[in-house]
Amino acid sequence: MKRRVAITGVGAVTPLGVGAETLIDRWMAGESGIEDGEGRCSSYEPTDFLSRKEARRADRFTQLALTASAEALTHAGFNGEKPVAAERTACVIGTGIGGIGTIEREHLVLEHEGAGKVSPLAIPLLMANAASGSVAMKNDLRGQCYGVVSACAAGAHAIGAGVRMIQYGDADACVAGGAEAAITELATAAFGRMAALSQTGVSRPFDARRDGFVMGEGAGALVLEDEEAARERGAEILGVITGYGATADAHHLTAPDPHGAGAIRAIDAALQDAGLEPAAIDWVNAHGTSTPLNDRAESEAIETAFGAHASDIPVSSLKSSIGHLLGAAGAVEAVATVLALRRGVAPPTVGWEEHEEGLDLDYVPDIGRTLTTRNGAPLRAISNSFGFGGHNAVLCLEAT
Amino acid sequence: MPDTITRDQIEARMSEALVEFGADAEQIQPDAKFEALDVDSLDLVELAQIVEEEYGVQMTGEDMKTLTTVGSAVDFVEKRLS
(Lines give C-alpha, C1' and ligand atoms only; values in the text may rest on other atoms or scores of the structure.)
Protein backbone atom coordinates (compact mmCIF):
# COMPACT_ATOMS: atom_id res chain seq x y z
CA MET A 1 0.00 0.00 0.00
CA LYS A 2 1.60 3.28 -1.12
CA ARG A 3 2.39 5.83 1.58
CA ARG A 4 0.47 9.05 1.06
CA VAL A 5 2.64 12.14 0.92
CA ALA A 6 1.36 15.21 2.70
CA ILE A 7 2.43 18.82 2.39
CA THR A 8 3.05 20.26 5.86
CA GLY A 9 4.75 23.52 4.95
CA VAL A 10 5.09 25.84 1.97
CA GLY A 11 7.31 28.81 1.22
CA ALA A 12 7.85 31.12 -1.72
CA VAL A 13 9.68 34.20 -2.91
CA THR A 14 8.25 35.50 -6.17
CA PRO A 15 7.73 38.68 -8.19
CA LEU A 16 4.51 39.10 -6.18
CA GLY A 17 6.55 39.38 -3.01
CA VAL A 18 7.99 37.36 -0.19
CA GLY A 19 5.87 34.60 1.29
CA ALA A 20 3.49 31.91 0.16
CA GLU A 21 0.40 33.70 1.48
CA THR A 22 1.40 36.87 -0.37
CA LEU A 23 1.71 34.82 -3.54
CA ILE A 24 -1.77 33.33 -3.32
CA ASP A 25 -3.44 36.51 -2.00
CA ARG A 26 -2.13 38.58 -4.87
CA TRP A 27 -2.67 35.97 -7.57
CA MET A 28 -6.25 35.49 -6.43
CA ALA A 29 -6.69 39.24 -6.62
CA GLY A 30 -5.52 39.14 -10.24
CA GLU A 31 -2.40 41.20 -9.58
CA SER A 32 0.76 41.12 -11.63
CA GLY A 33 4.34 41.12 -10.39
CA ILE A 34 5.73 41.91 -13.83
CA GLU A 35 7.40 45.28 -14.35
CA ASP A 36 9.16 46.50 -17.46
CA GLY A 37 8.79 43.10 -19.07
CA GLU A 38 10.46 41.18 -16.23
CA GLY A 39 9.32 39.35 -13.13
CA ARG A 40 11.92 40.40 -10.56
CA CYS A 41 11.65 39.73 -6.86
CA SER A 42 12.20 43.43 -6.30
CA SER A 43 10.94 43.47 -2.73
CA TYR A 44 13.30 40.68 -1.73
CA GLU A 45 16.32 41.78 0.27
CA PRO A 46 18.54 38.75 1.04
CA THR A 47 20.03 40.22 4.20
CA ASP A 48 16.54 40.56 5.67
CA PHE A 49 16.53 36.78 5.87
CA LEU A 50 20.19 35.74 5.79
CA SER A 51 23.27 36.87 7.66
CA ARG A 52 25.79 38.79 5.59
CA LYS A 53 28.02 35.75 5.53
CA GLU A 54 25.21 33.44 4.44
CA ALA A 55 24.18 35.87 1.72
CA ARG A 56 27.75 36.16 0.54
CA ARG A 57 28.16 32.41 0.35
CA ALA A 58 25.17 32.10 -1.95
CA ASP A 59 24.32 33.04 -5.50
CA ARG A 60 20.93 34.74 -5.71
CA PHE A 61 19.21 31.48 -6.70
CA THR A 62 20.47 29.88 -3.49
CA GLN A 63 19.46 32.92 -1.44
CA LEU A 64 15.94 32.60 -2.79
CA ALA A 65 15.89 28.86 -2.07
CA LEU A 66 17.11 29.41 1.50
CA THR A 67 14.39 31.96 2.17
CA ALA A 68 11.56 29.94 0.63
CA SER A 69 12.61 26.75 2.39
CA ALA A 70 12.98 28.57 5.72
CA GLU A 71 9.36 29.65 5.44
CA ALA A 72 8.23 26.12 4.56
CA LEU A 73 10.19 24.53 7.40
CA THR A 74 8.90 27.07 9.94
CA HIS A 75 5.37 26.38 8.77
CA ALA A 76 5.93 22.64 9.16
CA GLY A 77 7.26 23.07 12.69
CA PHE A 78 10.87 22.17 11.95
CA ASN A 79 12.38 25.07 13.90
CA GLY A 80 13.83 24.03 17.22
CA GLU A 81 13.44 20.34 17.95
CA LYS A 82 12.82 18.60 14.66
CA PRO A 83 9.76 16.37 14.39
CA VAL A 84 11.57 14.13 11.90
CA ALA A 85 15.15 12.90 12.40
CA ALA A 86 17.75 14.78 10.37
CA GLU A 87 18.94 11.55 8.74
CA ARG A 88 15.41 10.82 7.57
CA THR A 89 14.87 14.26 6.03
CA ALA A 90 15.85 14.72 2.40
CA CYS A 91 16.41 17.88 0.39
CA VAL A 92 15.90 18.19 -3.37
CA ILE A 93 15.93 21.59 -5.06
CA GLY A 94 15.56 21.94 -8.80
CA THR A 95 16.94 24.70 -10.98
CA GLY A 96 17.34 25.47 -14.64
CA ILE A 97 20.85 26.83 -14.59
CA GLY A 98 21.89 27.43 -11.02
CA GLY A 99 24.34 30.22 -10.29
CA ILE A 100 24.42 31.88 -13.68
CA GLY A 101 24.77 35.32 -12.08
CA THR A 102 28.00 34.13 -10.49
CA ILE A 103 29.18 32.54 -13.75
CA GLU A 104 28.67 35.78 -15.66
CA ARG A 105 30.27 37.94 -12.98
CA GLU A 106 33.31 35.76 -12.53
CA HIS A 107 33.75 35.38 -16.26
CA LEU A 108 34.03 39.15 -16.54
CA VAL A 109 36.59 39.11 -13.74
CA LEU A 110 38.56 36.45 -15.60
CA GLU A 111 38.47 38.42 -18.83
CA HIS A 112 39.28 41.82 -17.37
CA GLU A 113 41.46 41.06 -14.37
CA GLY A 114 42.87 37.60 -14.97
CA ALA A 115 42.59 34.16 -13.44
CA GLY A 116 44.26 35.26 -10.23
CA LYS A 117 41.31 37.47 -9.37
CA VAL A 118 38.58 34.89 -9.87
CA SER A 119 36.87 34.34 -6.55
CA PRO A 120 37.58 31.16 -4.56
CA LEU A 121 33.84 31.21 -3.91
CA ALA A 122 32.97 31.06 -7.61
CA ILE A 123 32.48 27.30 -7.86
CA PRO A 124 30.53 26.83 -4.62
CA LEU A 125 28.24 29.67 -5.66
CA LEU A 126 27.64 28.76 -9.29
CA MET A 127 27.17 25.00 -8.95
CA ALA A 128 23.57 24.01 -9.62
CA ASN A 129 23.45 21.87 -6.48
CA ALA A 130 24.33 24.84 -4.28
CA ALA A 131 20.70 25.47 -3.38
CA SER A 132 20.01 21.95 -2.14
CA GLY A 133 23.37 21.71 -0.38
CA SER A 134 22.94 25.07 1.31
CA VAL A 135 19.36 24.38 2.40
CA ALA A 136 20.50 21.06 3.86
CA MET A 137 23.44 22.74 5.64
CA LYS A 138 21.41 25.56 7.09
CA ASN A 139 18.64 23.28 8.37
CA ASP A 140 20.70 20.23 9.25
CA LEU A 141 19.01 17.92 6.78
CA ARG A 142 21.02 14.73 6.47
CA GLY A 143 18.97 12.48 4.21
CA GLN A 144 19.35 12.26 0.44
CA CYS A 145 20.31 15.62 -0.99
CA TYR A 146 20.82 16.71 -4.58
CA GLY A 147 19.77 19.18 -7.26
CA VAL A 148 17.49 18.43 -10.17
CA VAL A 149 18.05 19.86 -13.62
CA SER A 150 15.29 19.79 -16.24
CA ALA A 151 14.71 23.36 -17.30
CA CYS A 152 11.15 24.52 -16.70
CA ALA A 153 10.15 21.16 -15.22
CA ALA A 154 12.91 21.05 -12.58
CA GLY A 155 10.78 22.33 -9.70
CA ALA A 156 8.07 19.75 -10.38
CA HIS A 157 10.61 16.97 -10.88
CA ALA A 158 12.20 17.83 -7.54
CA ILE A 159 8.84 17.47 -5.84
CA GLY A 160 8.23 14.19 -7.67
CA ALA A 161 11.60 12.91 -6.47
CA GLY A 162 10.71 13.82 -2.89
CA VAL A 163 7.32 12.12 -3.18
CA ARG A 164 8.86 8.88 -4.45
CA MET A 165 11.53 8.96 -1.74
CA ILE A 166 8.91 9.11 0.98
CA GLN A 167 6.67 6.55 -0.69
CA TYR A 168 9.57 4.16 -1.01
CA GLY A 169 10.66 4.73 2.56
CA ASP A 170 14.02 6.32 1.81
CA ALA A 171 12.94 9.38 3.74
CA ASP A 172 10.18 10.37 6.12
CA ALA A 173 10.30 14.03 5.13
CA CYS A 174 11.72 16.04 2.26
CA VAL A 175 12.22 19.71 1.56
CA ALA A 176 11.47 19.84 -2.15
CA GLY A 177 11.44 22.87 -4.36
CA GLY A 178 12.93 24.93 -7.12
CA ALA A 179 14.90 28.15 -7.41
CA GLU A 180 15.97 30.37 -10.27
CA ALA A 181 17.69 33.74 -10.60
CA ALA A 182 18.55 33.92 -14.25
CA ILE A 183 17.51 37.47 -15.12
CA THR A 184 21.07 38.19 -16.14
CA GLU A 185 22.63 39.78 -19.19
CA LEU A 186 23.62 36.59 -20.96
CA ALA A 187 20.52 34.60 -20.12
CA THR A 188 18.18 37.43 -21.12
CA ALA A 189 20.06 38.04 -24.36
CA ALA A 190 20.14 34.33 -25.14
CA PHE A 191 16.45 33.73 -24.52
CA GLY A 192 15.79 36.85 -26.57
CA ARG A 193 17.73 35.43 -29.51
CA MET A 194 15.51 32.37 -29.49
CA ALA A 195 12.41 34.46 -30.11
CA ALA A 196 11.08 32.79 -26.97
CA LEU A 197 10.77 35.99 -24.95
CA SER A 198 7.81 38.26 -25.29
CA GLN A 199 8.68 41.35 -27.34
CA THR A 200 5.80 43.24 -25.78
CA GLY A 201 6.85 42.30 -22.24
CA VAL A 202 3.37 40.99 -21.55
CA SER A 203 2.62 37.55 -20.16
CA ARG A 204 -0.79 36.53 -21.46
CA PRO A 205 -1.03 32.73 -21.56
CA PHE A 206 -3.57 31.23 -23.94
CA ASP A 207 -4.49 34.67 -25.29
CA ALA A 208 -4.43 35.03 -29.09
CA ARG A 209 -2.00 37.98 -28.81
CA ARG A 210 0.61 36.11 -26.74
CA ASP A 211 4.12 36.50 -28.11
CA GLY A 212 6.47 34.71 -25.76
CA PHE A 213 7.24 34.35 -22.10
CA VAL A 214 8.31 36.93 -19.58
CA MET A 215 11.35 35.98 -17.51
CA GLY A 216 10.84 35.66 -13.81
CA GLU A 217 12.96 34.74 -10.82
CA GLY A 218 12.13 33.27 -7.45
CA ALA A 219 11.87 30.10 -5.42
CA GLY A 220 9.24 27.76 -4.05
CA ALA A 221 9.59 25.08 -1.40
CA LEU A 222 7.37 22.47 0.18
CA VAL A 223 7.90 20.25 3.17
CA LEU A 224 6.67 16.80 2.23
CA GLU A 225 6.04 14.14 4.84
CA ASP A 226 4.52 10.74 5.21
CA GLU A 227 0.88 11.69 5.81
CA GLU A 228 0.19 9.17 8.55
CA ALA A 229 3.25 10.18 10.55
CA ALA A 230 2.45 13.84 10.03
CA ARG A 231 -1.07 13.37 11.38
CA GLU A 232 0.27 11.40 14.32
CA ARG A 233 2.54 14.23 15.34
CA GLY A 234 -0.27 16.73 15.00
CA ALA A 235 1.14 18.56 11.98
CA GLU A 236 -1.13 20.74 9.92
CA ILE A 237 -1.78 18.92 6.67
CA LEU A 238 -2.02 21.55 3.96
CA GLY A 239 -2.71 19.04 1.23
CA VAL A 240 -1.63 15.77 -0.29
CA ILE A 241 0.33 15.03 -3.43
CA THR A 242 -1.62 12.11 -4.76
CA GLY A 243 0.08 11.61 -8.08
CA TYR A 244 3.19 12.28 -10.10
CA GLY A 245 3.77 11.54 -13.76
CA ALA A 246 6.80 12.42 -15.87
CA THR A 247 7.69 11.76 -19.51
CA ALA A 248 9.89 12.97 -22.33
CA ASP A 249 8.77 14.30 -25.69
CA ALA A 250 11.86 13.09 -27.53
CA HIS A 251 10.96 15.69 -30.09
CA HIS A 252 12.91 18.97 -30.15
CA LEU A 253 15.34 20.96 -28.03
CA THR A 254 12.92 23.80 -27.54
CA ALA A 255 9.59 23.17 -29.21
CA PRO A 256 7.05 20.92 -27.51
CA ASP A 257 5.48 18.07 -29.39
CA PRO A 258 2.81 20.06 -31.30
CA HIS A 259 -0.04 17.83 -30.23
CA GLY A 260 1.28 17.47 -26.70
CA ALA A 261 1.78 13.71 -26.89
CA GLY A 262 4.40 13.71 -24.14
CA ALA A 263 2.30 16.03 -22.02
CA ILE A 264 -0.78 13.84 -22.43
CA ARG A 265 1.15 10.79 -21.26
CA ALA A 266 2.44 12.73 -18.25
CA ILE A 267 -1.07 13.85 -17.30
CA ASP A 268 -2.35 10.29 -17.75
CA ALA A 269 0.51 8.94 -15.66
CA ALA A 270 -0.12 11.41 -12.85
CA LEU A 271 -3.82 10.59 -12.79
CA GLN A 272 -3.12 6.88 -12.85
CA ASP A 273 -0.59 7.28 -10.04
CA ALA A 274 -3.30 9.07 -8.06
CA GLY A 275 -5.88 6.44 -8.94
CA LEU A 276 -8.15 9.12 -10.36
CA GLU A 277 -10.30 9.45 -13.43
CA PRO A 278 -9.89 12.69 -15.43
CA ALA A 279 -13.40 13.68 -14.35
CA ALA A 280 -12.22 13.81 -10.72
CA ILE A 281 -10.04 16.86 -11.38
CA ASP A 282 -11.51 20.24 -10.48
CA TRP A 283 -8.81 22.58 -11.81
CA VAL A 284 -5.70 22.64 -13.97
CA ASN A 285 -2.77 24.85 -12.97
CA ALA A 286 -1.28 25.00 -16.45
CA HIS A 287 2.31 25.39 -17.54
CA GLY A 288 0.86 28.24 -19.61
CA THR A 289 4.01 30.13 -20.57
CA SER A 290 2.43 32.61 -23.00
CA THR A 291 4.43 31.22 -25.92
CA PRO A 292 2.54 30.51 -29.13
CA LEU A 293 3.79 26.92 -29.14
CA ASN A 294 3.40 25.77 -25.55
CA ASP A 295 -0.05 27.17 -24.97
CA ARG A 296 -1.47 25.59 -28.11
CA ALA A 297 0.16 22.21 -27.52
CA GLU A 298 -0.78 22.24 -23.84
CA SER A 299 -4.38 23.21 -24.55
CA GLU A 300 -4.63 20.33 -26.98
CA ALA A 301 -3.02 17.99 -24.47
CA ILE A 302 -5.54 18.99 -21.79
CA GLU A 303 -8.41 18.49 -24.21
CA THR A 304 -7.18 15.07 -25.17
CA ALA A 305 -6.35 13.92 -21.63
CA PHE A 306 -9.62 15.14 -20.16
CA GLY A 307 -11.91 14.41 -23.09
CA ALA A 308 -15.47 15.52 -22.60
CA HIS A 309 -14.61 16.89 -19.15
CA ALA A 310 -12.01 19.31 -20.56
CA SER A 311 -14.43 22.16 -21.20
CA ASP A 312 -15.71 21.96 -17.63
CA ILE A 313 -12.38 22.35 -15.91
CA PRO A 314 -11.01 25.83 -15.28
CA VAL A 315 -7.44 26.18 -16.55
CA SER A 316 -5.30 28.95 -15.03
CA SER A 317 -1.70 29.97 -15.47
CA LEU A 318 0.26 31.56 -12.62
CA LYS A 319 2.76 32.70 -15.24
CA SER A 320 0.15 35.29 -16.25
CA SER A 321 0.91 37.00 -12.96
CA ILE A 322 4.59 36.39 -12.25
CA GLY A 323 6.12 35.36 -15.54
CA HIS A 324 8.13 32.21 -16.10
CA LEU A 325 10.31 31.26 -13.14
CA LEU A 326 12.04 28.53 -15.16
CA GLY A 327 13.46 25.93 -12.77
CA ALA A 328 11.49 27.41 -9.89
CA ALA A 329 8.16 27.46 -11.75
CA GLY A 330 7.07 23.90 -11.00
CA ALA A 331 7.66 24.37 -7.28
CA VAL A 332 6.14 27.85 -6.98
CA GLU A 333 3.14 26.61 -8.93
CA ALA A 334 2.75 23.59 -6.64
CA VAL A 335 2.76 25.93 -3.63
CA ALA A 336 0.15 28.14 -5.29
CA THR A 337 -1.92 25.10 -6.29
CA VAL A 338 -2.27 23.68 -2.80
CA LEU A 339 -3.04 27.11 -1.32
CA ALA A 340 -5.63 27.85 -4.01
CA LEU A 341 -7.30 24.48 -3.42
CA ARG A 342 -7.46 25.22 0.31
CA ARG A 343 -9.20 28.46 -0.48
CA GLY A 344 -11.53 26.73 -2.90
CA VAL A 345 -10.66 29.05 -5.77
CA ALA A 346 -9.12 28.74 -9.21
CA PRO A 347 -7.23 32.04 -9.52
CA PRO A 348 -7.43 33.89 -12.84
CA THR A 349 -5.24 33.81 -15.91
CA VAL A 350 -4.43 37.49 -15.57
CA GLY A 351 -4.90 39.51 -18.73
CA TRP A 352 -6.59 36.82 -20.83
CA GLU A 353 -8.97 38.55 -23.22
CA GLU A 354 -8.71 37.35 -26.79
CA HIS A 355 -9.81 33.90 -27.76
CA GLU A 356 -7.68 32.02 -30.30
CA GLU A 357 -9.25 29.56 -32.71
CA GLY A 358 -8.66 26.10 -31.34
CA LEU A 359 -7.82 27.16 -27.80
CA ASP A 360 -11.29 26.61 -26.45
CA LEU A 361 -10.85 25.82 -22.77
CA ASP A 362 -12.00 27.89 -19.81
CA TYR A 363 -8.90 29.95 -19.02
CA VAL A 364 -10.47 31.74 -16.04
CA PRO A 365 -10.29 35.34 -17.25
CA ASP A 366 -10.45 38.37 -14.99
CA ILE A 367 -11.48 36.93 -11.66
CA GLY A 368 -10.99 33.70 -9.79
CA ARG A 369 -13.54 30.92 -9.98
CA THR A 370 -15.01 29.29 -6.93
CA LEU A 371 -14.42 25.56 -6.94
CA THR A 372 -17.17 23.41 -5.54
CA THR A 373 -16.47 20.07 -3.96
CA ARG A 374 -18.54 17.10 -4.96
CA ASN A 375 -19.99 15.16 -2.07
CA GLY A 376 -17.38 16.40 0.36
CA ALA A 377 -14.47 15.08 -1.66
CA PRO A 378 -11.27 17.12 -1.41
CA LEU A 379 -10.67 19.60 -4.22
CA ARG A 380 -8.23 18.22 -6.75
CA ALA A 381 -5.93 19.78 -9.30
CA ILE A 382 -3.10 18.93 -11.58
CA SER A 383 -0.09 21.20 -12.03
CA ASN A 384 1.76 20.99 -15.33
CA SER A 385 5.39 21.75 -16.03
CA PHE A 386 6.92 21.22 -19.45
CA GLY A 387 10.58 22.05 -19.96
CA PHE A 388 12.74 22.96 -22.96
CA GLY A 389 14.17 19.69 -24.16
CA GLY A 390 10.79 17.96 -23.86
CA HIS A 391 10.76 17.28 -20.13
CA ASN A 392 7.21 16.86 -18.83
CA ALA A 393 6.23 16.64 -15.19
CA VAL A 394 2.71 16.66 -13.82
CA LEU A 395 1.70 16.67 -10.16
CA CYS A 396 -1.71 15.75 -8.87
CA LEU A 397 -2.67 17.53 -5.64
CA GLU A 398 -5.61 17.70 -3.35
CA ALA A 399 -6.63 19.73 -0.34
CA THR A 400 -9.55 20.21 1.95
CA MET B 1 52.68 50.80 -4.38
CA PRO B 2 53.53 52.68 -1.14
CA ASP B 3 57.16 52.61 -0.04
CA THR B 4 56.51 51.22 3.39
CA ILE B 5 53.44 49.42 4.48
CA THR B 6 52.91 49.71 8.20
CA ARG B 7 51.62 46.99 10.48
CA ASP B 8 48.64 49.21 11.18
CA GLN B 9 47.81 49.32 7.50
CA ILE B 10 48.02 45.56 7.20
CA GLU B 11 45.83 45.13 10.26
CA ALA B 12 43.27 47.60 8.91
CA ARG B 13 43.11 45.94 5.50
CA MET B 14 42.78 42.53 7.07
CA SER B 15 40.00 43.69 9.39
CA GLU B 16 38.20 45.16 6.43
CA ALA B 17 38.41 41.85 4.60
CA LEU B 18 37.27 39.85 7.61
CA VAL B 19 34.26 42.10 8.08
CA GLU B 20 33.40 41.57 4.43
CA PHE B 21 33.54 37.84 5.06
CA GLY B 22 30.94 38.31 7.79
CA ALA B 23 33.02 38.70 10.94
CA ASP B 24 31.83 41.03 13.68
CA ALA B 25 34.06 44.14 13.48
CA GLU B 26 34.00 44.60 17.25
CA GLN B 27 35.41 41.16 17.83
CA ILE B 28 38.42 41.58 15.58
CA GLN B 29 41.43 41.80 17.89
CA PRO B 30 44.99 40.55 17.33
CA ASP B 31 44.40 37.56 19.57
CA ALA B 32 40.98 36.78 18.14
CA LYS B 33 40.80 33.25 16.74
CA PHE B 34 39.53 32.88 13.18
CA GLU B 35 37.25 30.08 14.31
CA ALA B 36 35.61 32.37 16.87
CA LEU B 37 35.07 34.97 14.17
CA ASP B 38 33.39 32.33 12.00
CA VAL B 39 36.20 32.71 9.49
CA ASP B 40 36.76 29.36 7.80
CA SER B 41 39.13 27.84 5.25
CA LEU B 42 37.23 29.32 2.30
CA ASP B 43 37.54 32.77 3.84
CA LEU B 44 41.27 32.26 4.32
CA VAL B 45 41.66 31.37 0.66
CA GLU B 46 39.95 34.64 -0.19
CA LEU B 47 42.20 36.44 2.30
CA ALA B 48 45.23 34.89 0.65
CA GLN B 49 44.05 36.18 -2.68
CA ILE B 50 43.75 39.72 -1.30
CA VAL B 51 47.16 39.49 0.38
CA GLU B 52 48.81 38.30 -2.82
CA GLU B 53 47.09 40.90 -4.97
CA GLU B 54 47.76 43.86 -2.69
CA TYR B 55 51.04 42.98 -0.99
CA GLY B 56 52.56 40.47 -3.37
CA VAL B 57 52.84 38.06 -0.46
CA GLN B 58 52.02 34.42 -1.13
CA MET B 59 50.04 32.47 1.41
CA THR B 60 49.93 28.78 0.65
CA GLY B 61 47.52 26.18 1.96
CA GLU B 62 50.21 24.93 4.30
CA ASP B 63 50.80 28.48 5.59
CA MET B 64 47.10 28.97 6.22
CA LYS B 65 46.96 25.90 8.44
CA THR B 66 49.35 27.55 10.88
CA LEU B 67 47.47 30.87 11.02
CA THR B 68 44.78 30.57 13.63
CA THR B 69 44.49 34.16 14.87
CA VAL B 70 44.18 37.58 13.28
CA GLY B 71 47.51 38.60 14.77
CA SER B 72 49.35 35.59 13.34
CA ALA B 73 48.08 36.46 9.87
CA VAL B 74 49.22 40.08 10.24
CA ASP B 75 52.62 38.86 11.53
CA PHE B 76 52.91 36.56 8.52
CA VAL B 77 52.38 39.38 6.02
CA GLU B 78 54.55 41.86 7.90
CA LYS B 79 57.43 39.41 8.07
CA ARG B 80 57.34 38.66 4.37
CA LEU B 81 57.18 42.33 3.45
CA SER B 82 60.34 43.25 5.30
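**Close-up 1. Crossing of helices α7 and α13 in chain A.** Axes are lines fitted to C-alpha atoms, for helices over the stretch in contact, and angles run from 0 to 180 degrees between N-to-C directions. The model shown here and in every view below is predicted. Helix α7 of chain A spans residues 154-168, and helix α13 of chain A spans residues 329-343. Their axes come within 5 Å and cross at roughly 65°. Angles of 65 to 115 degrees count as roughly perpendicular. α7(A) and α13(A) are therefore roughly perpendicular to each other. From α7(A), the contact uses A:Gly155, A:Ala156 and A:Ile159. From α13(A), it uses A:Gly330, A:Ala331 and A:Ala334. Four residues of this contact of α7(A) with α13(A) are nonpolar and two are polar. None is charged.

Close-up 2. The largest share comes from α4(A), with six residues. By class, the lining of the largest pocket holds 14 charged, twelve nonpolar and six polar residues.

Close-up 3. The volume of the second largest pocket is about 390 Å³. It is lined by 18 residues. A:Glu54, A:Arg57, A:Leu66, A:Ser134 and A:Met137 are the ones nearest its centre. At least two lining residues each come from α2, α3, α5 and α6 (130-139) of chain A. α6(A) gives the most, with five residues. The lining of the second largest pocket divides into eight nonpolar, six charged and four polar residues.

**Close-up 4. The largest cavity and its lining in chain A.** Across the whole structure, a search finds one cavity of 30 Å³ or more. The largest cavity holds about 50 Å³ of space. A:Asp249, A:Pro256, A:Asp257, A:Gly260 and A:Ala263 are among the residues that line it. The lining also includes A:Asn294, A:Ala297, A:Glu298, A:Phe386 and A:Asn392. α11(A) gives the most to the lining of the largest cavity, with three residues. Four lining residues are nonpolar, three are polar and three are charged.

**Close-up 5. A:Ser290, a residue with positive phi.** Phi of A:Ser290 is near 85°, a positive value in a residue other than glycine. A:Ser290 sits in the loop between β8 (283-285) and α11 (292-306) of chain A. Is this serine, A:Ser290, buried or exposed? Its relative accessible area is 0%, so A:Ser290 is buried.

**Close-up 6. A:Val364, a residue with positive phi.** A:Val364 is not a glycine, yet its phi is positive, at about 55°. The loop that holds A:Val364 runs between β10 (345-346) and β11 (369-370) of chain A. Residues under 20% relative accessible area are buried. A:Val364 has 0% relative accessibility, so it counts as buried.

Key
Residues are numbered from 1 along each chain as its sequence is written. Chains are lettered from A and ligands numbered from 1 in the order in which they are written. This is a predicted model: local features need pLDDT of at least 70, side-chain atom pairs count only at pLDDT 80 or more; totals for chains, interfaces and linings use all residues. Side-chain values use heavy atoms; hydrogens and water are left out. Helices (H or I, at least four residues) and strands (E, at least two) are DSSP runs, numbered from the N terminus. Ala, Val, Leu, Ile, Met, Phe, Trp, Tyr, Cys and Pro count as nonpolar, Asp, Glu, Lys and Arg as charged, and the others, Gly among them, as polar. On a 1 Å grid over the protein atoms alone, a cavity is a set of points where a 1.4 Å probe fits but cannot get out, and a pocket is an open set with protein on both sides within 12 Å along at least five of seven lines; lining residues have an atom within 4 Å of a point. Grid points are joined across faces, edges and corners, and a volume is the space filled by probe spheres set on the points. Angles under 35 degrees count as roughly parallel, over 145 as roughly antiparallel, 65 to 115 as roughly perpendicular and the rest as oblique. Contact means heavy atoms within 4.5 Å. Buried means under 20% relative accessible area, exposed over 50%, partly exposed in between (1.4 Å probe, protein chains only).
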